[in-house]
Amino acid sequence: MTKVLVVDDEPNILLSLEFLMEQAGFDVFTADDGETALEVIDRERPDLVLLDISLPGISGFDVLEKIRSSDDFKKLQVIMLTAHGREVEREKGLALGADDYITKPFSTQALVNKVRNLLNEAG
Amino acid sequence: MRSDPIILIIAFGYLALLFIIAAWGDRRAEKGRSVIGSSTVYALSIAVYCTAWTFYGSVGRAAEHGPSFLLIYFGPTLAMLLGWLLIRKMVRIARAQRITSIADFISARYGKSGRIGALVALIAVIGVIPYIALQLKAITISYGVLTSYPGSATDHTPDGLFLLDKSFWIAIVLAVFIILFGTRQLDASERHEGMVTAIAFESIIKLLAFLAVGIFVTFFLYSGPVDLFQRAAEHPELAQSLSLADVPGGSAGWVGLLVLSTLAFITLPRQFQVLVVENVDENHLRRASWMFPLYLFAINIFVIPVALAGLMLGSAAQSPDSFVLTLPLAAGKEVLSLFVFIGGLSAATGMMIVETIALSTMISNQLVMPMLLKMRSLNIEQQEDLSGLLLGIRRIAIILILFLGYLYHALIGDSYSLVTIGLVSFAAAAQFAPALLLGLFWRGATQAGAAAGLIGGFAVWCHTLLIPGFAQSGWIDVSLLNDGPWGIAWLRPYNLFGLEGYDIYTHALFWTMLVNVGLIVVVSLFTRQSNLEQTQAALFTEALRQDALQNTPLWRGQTSRGELRRLIHRYLGHRATQRLFTQYQPDTAARETKIDDDTLTASPGLIASAEKQLAGALGNSSARVLINSVVKGEALDLNAVLSILDTTSQTLEYNRQLEQKSKELARIGEELRSANDRLRELDRLKDEFVAMVSHELRTPLTSIRAFAEILRDTPNLNDEKKAHFLDVIVRESERLSRLIEEILDLARLESGRMTLKPERLDLVQALHQSIDAVARLYEERSIELKVSLARDCAEVVADPDRLQQVMINLLDNARKFASTQDGRVNVTLEVVGHCFRLSVEDNGEGIPENQRELVFEKFHQVEQGSITQPKGRPKGTGLGLPICRGILAHLGGRLWVEDPENLGGARLVMELPCAPDQRVITQE
């Protein structure tokens, strides 16, 4: 079963993402900060991460950099989630190796489709 | 004691002393420690006005005509008192235009006209030679009196063989002296420092000598002035001498003498020389304007006592002109009489020295040089170095002048009294006054007018004073005086057009001035000025207005540096040329491209400066001719000069204003820069704020949208989940509303538009209400809230709603940050001074010391994210504390973070001033 990790420090957003991914039929893990996220990735080896940028402690960008710098997670798909609507953020995320980028608030349908597409392409 | 050799030795010894003093003055000047840089020396040198005529003649005139001799000294006093206006102007012009003499001055004023210069020089020579003769005569007579007393001096007058005549030898010695000290430099406008020093010294000697004889007569021959006057009063014929009425020509004579001496004081060539040409600093005029009149007073104070004493002595006193000598001689005081003789000698030589220098400069610059320049056949312009020639001309002129003076003295001098010769010269010099004074103050005076005035005035002077003098000497038939020329009665020299009742000087002054001034004014009104004349007229009349003018280049023409260099070199020699051209270097760019001086254009400044240098040596008119010969193009016309004048003064004003403006601009620029920096910073903060606000708004919106869509797209959702999700939507909507509310609050606080309705209220009561509002939330997390109040009632002035907002915020924060297990919050109220302090402390992790101000920044927690707050609960907006602080500031209070006291977590303290005249406080 495809594993998806959802990372966000806003409990309600985390809750909604968790629900959406479960509904879509994935095995869902959650984390509410960067450190936890890296632990979960290391432990569970998810196929895709929905990664918020502003997190307490290490940020989403830091997490992404760590993922991409390791050979173990080459196939790991990363979708950045952010409430910062600015172009620079988007470009920075993509430059660091994010596979896609979603701005909050998002359309749930579009989000689920994006996740599915990415996983299909990879799979 | 009074033998020929001794007197001669003393006299020539005195002249030798003059040589030494003059040499010393020159040496000091070369060492840069000028003697004449002193206003006292300047004032003393002006006293060259007092000649042998004063020394011997004043007593003579007082004996004959009473106190009227004083008028000759009132005039100069008047002139000196007005000097600040008039003489200062002349000094300034002379410096700017390198004026060498009064002839040069007047010529320069009227368009640097050679004709005018020559005319003035000619009149000066003719008018003043008798005056020089007068000095020689005085020396001769005094010498005769000294050697022959008690015999008659006339026994010893020259017997025709001039080699035996002492005055001839005096003239020779003076010629040598003047050539040595008067023609050292070529540039006549440079000062004759040694000469001026010697003149100042002579002024001291003659004053001391006269005071000595005066004191001797008053206090030793008589026992004081009272005694002297009482004794004089016993002689009724003497009393008349003291009457003011006994002036030739009556009251008109008074006015005539006063005017004559005032004018002559300025226009006599030697006076112009010491007053204007030799002046080193126009500020010296200040001291001279009282010191010189004082000198005149001192030298005249004993004139009447000496005259009375001489008259009372009777025939033993001989001629009144020699009373000063005969009185000591009659009393047997030979040393004193010798001293008096030296005093007279100093008065005579001083005058002769300065006068001769002034005249020789005029002769060489205004008469000879222009003639030589005109005579092409001499090819004078082709000669290499003409500076030697110039000095030669000047030296010959000196010898000539003294020789003419001697001739005049030897041939006709005897027929006049001292005073008569002097006043004739005065009248001649006074002819310069209209051209000079009108030229200084009336821009419209033209060259033709000045020439007409000078010629007319001089002609009338010849007719009314010079020729009648010849007649009185017996050269011409005396019938000229009585019947008029060719028997025409109304042309009688002393009664022109039948004018009767005046003394001859007032009579002559009246007619000469009438003709002179009349011609200048009338002819000027009907003639036009050339461009150069207009320029010069403007420069002269506006001299006091504009200092910068002397540096304004007034040339529009062009010439090469090489050509100009050759010209200057010919006339001024190598050193002066070198000095001038080093001062005006071509700019470096020009030097690099064109090395040859012949291809380099001379700058207008260089041309103007070269002309001034030439003018200093040759006079203005010759300098003009020479510069014209190499420069193509004309000098600026009047309008150009006036516009330069105006622009210069305007430029000065503009510059001042500009400087002020640019300072102001710099200041404004600085202000703008800092304002701009501030704005940029504000702009950056605004961008940041907008980004943060949008981030903050997106967060609850994301949850709301996500759950709303979930609820919509998931029909088979169980009720429990549905309720939970709906609850999230509601809470996030509330959060969103709160956020918007807070953003608006913040905007109002920052723009100062927040409307507060302060009223007197009880802080304790308000605190309880706030606690009630958060009580449920505290219970939910089972946090213990402990309240300890220092008093039951704490009145403050505040907006109740806003105050509650603040307190709820603080309580809510404490609840959020209190420890998850066993959470505790302490609220305390204290009185500190005139304020109430409410502190809220939790037992959470606290705020690190370096963050205690940061928490009051907007969205701080979002950006920093460093204060680890308990997870799993919605965060605050990050605007609460900034808003609280803003509200408290509006209420006159404060809000800050303090070290924890009991619980070890964050401790926030708010302070509000007590309400005014609160009884509770005063009771305490």
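In this predicted model, helix H16 of chain B is followed by B:Gly332, a residue whose phi is positive, near 80°. That helix, which spans residues 323-330 of chain B, has eight of its eight residues buried, so it is largely enclosed by the rest of the structure.

- The buried residues of H16(B) are B:Phe323, B:Val324, B:Leu325, B:Thr326, B:Leu327, B:Pro328, B:Leu329 and B:Ala330.
- Among the elements of chain B that cover these buried residues are helix H3 (52-65), helix H7 (114-148) and helix H9 (193-221), together with helix H15 (303-313) and helix H17 (334-374).
- Of the 924 residues of chain B, 47% count as buried, and residues 24 or more positions apart account for 82% of the chain B contacts that have a separation of 6 or more.

**Chain A: overall organisation and sheet**

- Read from the N terminus on, the elements of chain A follow the order β-α-β-α-β-α-β-α-β-α.
- Chain A has 123 residues, of which 46% are buried, and 59% of its contacts with a separation of 6 or more are made by residues 24 or more positions apart.
- The strands of chain A form an open sheet of five strands in the order E2-E1-E3-E4-E5, with parallel pairing.
- Strand E2 (27-31) and strand E5 (100-103) of chain A stand at the edges of this sheet with a single partner strand each, so one side of each is left without a neighbour in the sheet.
- From one strand to the next, the twist of the sheet averages 20°.

**Helices H2 and H3 of chain A**

- Helix H2 (residues 34-44) and helix H3 (residues 60-69) of chain A pack at an angle of about 25°, their axes lying 9 Å apart; the two helices are therefore roughly parallel to each other.
- The crossing in which H2(A) passes H3(A) is right-handed.
- On the H2(A) side, A:Gly34, A:Ala37, A:Leu38 and A:Ile41 meet A:Gly60, A:Asp62, A:Val63, A:Lys66 and A:Ile67 of H3(A), and by class this contact has five nonpolar, two polar and two charged residues.
- Both helices also lie against the sheet: H2(A) lies across strand E1 (3-7), E2 and strand E3 (48-52) of chain A and runs at about 175° to E1(A), while H3(A) lies across E3 and E4 of chain A and runs at about 150° to E3(A).

**Contact between chains A and B**

- The contact takes 18 residues from chain A and 22 residues from chain B.
- Helix H1 (residues 11-23) of chain A contributes seven residues, the largest share of the side of chain A that touches chain B.
- By class, the residues on this side of chain A divide into eight nonpolar, six polar and four charged.

Technical notes
Residues are numbered from 1 along each chain as its sequence is written. Chains are lettered from A and ligands numbered from 1 in the order in which they are written. This is a predicted model: local features need pLDDT of at least 70, side-chain atom pairs count only at pLDDT 80 or more; totals for chains, interfaces and linings use all residues. Axes are lines fitted to C-alpha atoms, for helices over the stretch in contact, and angles run from 0 to 180 degrees between N-to-C directions. Helices (H or I, at least four residues) and strands (E, at least two) are DSSP runs, numbered from the N terminus. Angles under 35 degrees count as roughly parallel, over 145 as roughly antiparallel, 65 to 115 as roughly perpendicular and the rest as oblique. A crossing is left-handed if the near helix is turned anticlockwise from the far one by less than a right angle, and right-handed if clockwise. Two residues are in contact if their C-beta atoms, placed from the backbone, lie within 7 Å. Ala, Val, Leu, Ile, Met, Phe, Trp, Tyr, Cys and Pro count as nonpolar, Asp, Glu, Lys and Arg as charged, and the others, Gly among them, as polar. A residue is buried if 20 or more other C-beta atoms lie within 10 Å of its own, exposed if 12 or fewer, and partly exposed in between; C-beta atoms are placed from the backbone. Two strands pair if DSSP finds at least two bridges between them.
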